[in-house]
Amino acid sequence: QHPVLVSEMDRVRSQGGTALKHLEQQASLIGHLEQAGLLAPETCYIEFGAGKGKFLHFVSRAVGTDKNALYVAVDRDNSRYKFDRFHINSAGVFKRVRMDIEHLDLARVPDVVDANMPVVACGKHLCGAATDLTLNCMANYIKRLPQRSGDSATKRPREEADAPVESGDAVTAAAQDGEAHSNVRSAMKGLLIALCCHQRCDWVRYCNKPYFLSLGFSPSEFRIITMLSSWAVCGRPTDSATSTAAATT
């Protein structure tokens with residue numbers, strides 16, 4: 001856990017409930033960012049499904065007082081009591097993009113493009129297909145970067161660079177392009193996503209269809225498997241707990 005949230009956790013510890021749980025999760029995620037060397041100055045941090053922007057708020061505190069950092073909160077809803085209000089005159093530049101991730105083209109967001117900083121994409125509890133949409137969004141961003149790189153050796157025709165990666169091929173396309181555009185990959189510094197609600201994934205937006213099909217499954221079975229995934233967290237009692245309950249009745 002990252003120490004930046006210690007005082008906040010101490011403040012709510014006596015209150016109980018879910019507040020402490022969420023802070024502990026945020027501290028863990030930011031701790032993983034630190035261990036991976038992703039908390040650094042002159043970096044663009046983009047939080048997908050940001051909501052109020054609380055996680056991004058603590059990321060900025062963990063990064064420190066670097067005024068060249070860029071923080072971008074992406075969410076389709078207009079939440080009340082956003083944490084943006086704490087950063088009107090603070091270190092770093094804070095921006096909010098109100099848009100569904102499915103329709104977001106980062107290569108056309110001026111603040112991200114003009115910053116010319118390596119990107120760290122993150123998300124806390126990106127529900128179901130939102131994770132797939134985020135991966136597709138970042139793959140499309142990487143794919144379009146060569147068009148702006150100025151390097152004639154890697155420059156693609158405009159119509160090819162403007163064409164989005166189809167959902168389901170994003171991860172494959174990014175992997176195939178990775179070696180040929182190692183200079184572009186350096187612009188994507190890292191990605192951290194806390195997964196949530198696998199049962200809400202859908203085949204249309206799933207980002208790695210070739211892998212799923214290679215395992216021998218069919219598209220019609222995708223929905224069944226996503227529903228089965230919820231069994232892992234459904235709270236079903238273990239055999240020992242069931243035996244104990246039976247013995248006491």
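M138 is located in helix α5; helices (H or I, at least four residues) and strands (E, at least two) are DSSP runs, numbered from the N terminus. The structure is a predicted model, in which local features need pLDDT of at least 70 and side-chain atom pairs count only at pLDDT 80 or more, while totals for chains, interfaces and linings use all residues. Residues are numbered from 1 along each chain as its sequence is written, and side-chain values use heavy atoms, with hydrogens and water left out.

With a relative accessible area of 3%, M138 is buried; buried means under 20% relative accessible area, exposed over 50%, and partly exposed in between (1.4 Å probe, protein chains only). Leaving aside neighbours within four places in sequence, M138 is in contact (heavy atoms within 4.5 Å) with F48, L106, V119, A121, M188 and L191. M138 and L106 are 32 residues apart along the chain, and their C-alpha atoms are separated by 7.8 Å.

Together with I46, they have the most contacts inside the largest nonpolar core, which has 27 residues. A nonpolar core is a set of buried Ala, Val, Leu, Ile, Met, Phe, Trp, Tyr and Cys residues joined through side-chain atoms within 4.5 Å. At least two residues of this core come from each of β1 (44–48), β2 (70–75), β4, α5 (129–149) and β5. The most is given by α5, with seven residues. I46, again leaving aside neighbours within four places in sequence, is in contact with V72, V74, L106, V112, V119, V120, A121 and C122. Another core, of 25 residues, lies apart from this one and includes V4, F55, V59 and A73. In soluble globular proteins, nonpolar side chains tend to be buried together.

Buried positions in α2 are L20, L23, Q26, A27, L29, I30, G31 and L33. Among the elements that cover the buried residues of α2 are α1 (6–12), α3 (54–63), β4 (119–127) and β5 (188–196).

Just after α2, G37 takes a positive phi of about 70 degrees. Most residues other than glycine have a negative phi. E42, however, has a positive phi near 50 degrees and lies in the loop between α2 and β1. Its relative accessibility is 48%, so E42 counts as partly exposed. N116 likewise has a positive phi, near 55 degrees, and is placed in the loop between α4 (110–115) and β4. At 68% relative accessibility, N116 counts as exposed.

The cysteines complete the account. How many disulfides does a search of the whole structure find? The search finds zero, a disulfide being a pair of cysteine sulfur atoms within 2.5 Å.
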